[in-house]
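Student: I have a new structure to look at. Can you walk me through it?

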Amino acid sequence: CSPKGAAVLDTLDVGAQSGGAGAVNVSGAGSTLSVSGNATFGDQGTGNLSIQSGAVVTRGNATFGNIKGSLSSVTLTGKSAELDVPGTLTLGGVAQQ
């Protein structure tokens, strides 16, 4: 999302397939990403989330690294970057740490 942009989704799966890779970058004050359901980063592949400089990401449930062999990361940088997960936050799932 660019500064002061907004994206609203029901679900999000980044790095869904084995060997696949994806990244989501949300940057700038007023930029938001809202996922009401499940958000998965590194489902079977590689998925990364970057939240920067006042951006806000809100998700119902979040999983980073869902299965063995998947890779994921979440990075928060800059003033007021925020990750809000009111539901379940899973780090590693069944993936190796």
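Tutor: Start with a strand pairing: β4 and β6 run parallel and are joined by eight bridges. Strands are DSSP runs of E with at least two residues, numbered from the N terminus, while helices are runs of H or I with at least four residues. Two strands pair if DSSP finds at least two bridges between them.

Student: Where did this model come from, and how are residues counted?

Tutor: This is a predicted model, in which local features need pLDDT of at least 70 and side-chain atom pairs count only at pLDDT 80 or more, while totals for chains, interfaces and linings use all residues. Residues are numbered from 1 along each chain as its sequence is written, and side-chain values use heavy atoms, with hydrogens and water left out.

Student: Which residue stands opposite T40 in β6?

Tutor: T63 in β6 stands opposite T40. T40 itself lies in strand β4.

Student: Is T40 buried or exposed?

Tutor: T40 counts as buried because its relative accessibility is 13%. Buried means under 20% relative accessible area, exposed means over 50%, and partly exposed is in between, with a 1.4 Å probe and protein chains only.

Student: What is T40 in contact with?

Tutor: Leaving aside neighbours within four places in sequence, T40 is in contact with L12, D13, V14, T63 and N66. Contact means heavy atoms within 4.5 Å.

Student: What else is joined to β4?

Tutor: Strand β1, residues 6-9, runs parallel to β4 and is joined to β4 by four bridges. In that pairing, A7 stands opposite L33 in β4. β2 also runs parallel to β4, with three bridges between them, and V14 stands opposite F41 in β4.

Student: Are F41 and F64 buried or exposed?

Tutor: Both F41 and F64 are buried.

Student: Which residues have the most contacts inside the largest nonpolar core?

Tutor: They are L12, V24, L33, F41 and L49, in a core of 16 residues. β2 (12-14), β3 (21-27), β4 (32-41), β5 (46-52) and β6 (56-64) each give two or more residues to this core. β4 gives the most, with four residues. A nonpolar core is a set of buried Ala, Val, Leu, Ile, Met, Phe, Trp, Tyr and Cys residues joined through side-chain atoms within 4.5 Å.

Student: And what does L12 touch?

Tutor: Apart from neighbours within four places in sequence, L12 is in contact with V24, L33, V35, N38, A39, T40 and F41.

Student: Now the whole chain. How many helices and strands?

Tutor: The chain has zero helices and nine strands.

Student: How much of the chain is buried?

Tutor: Of its 97 residues, 36% count as buried.
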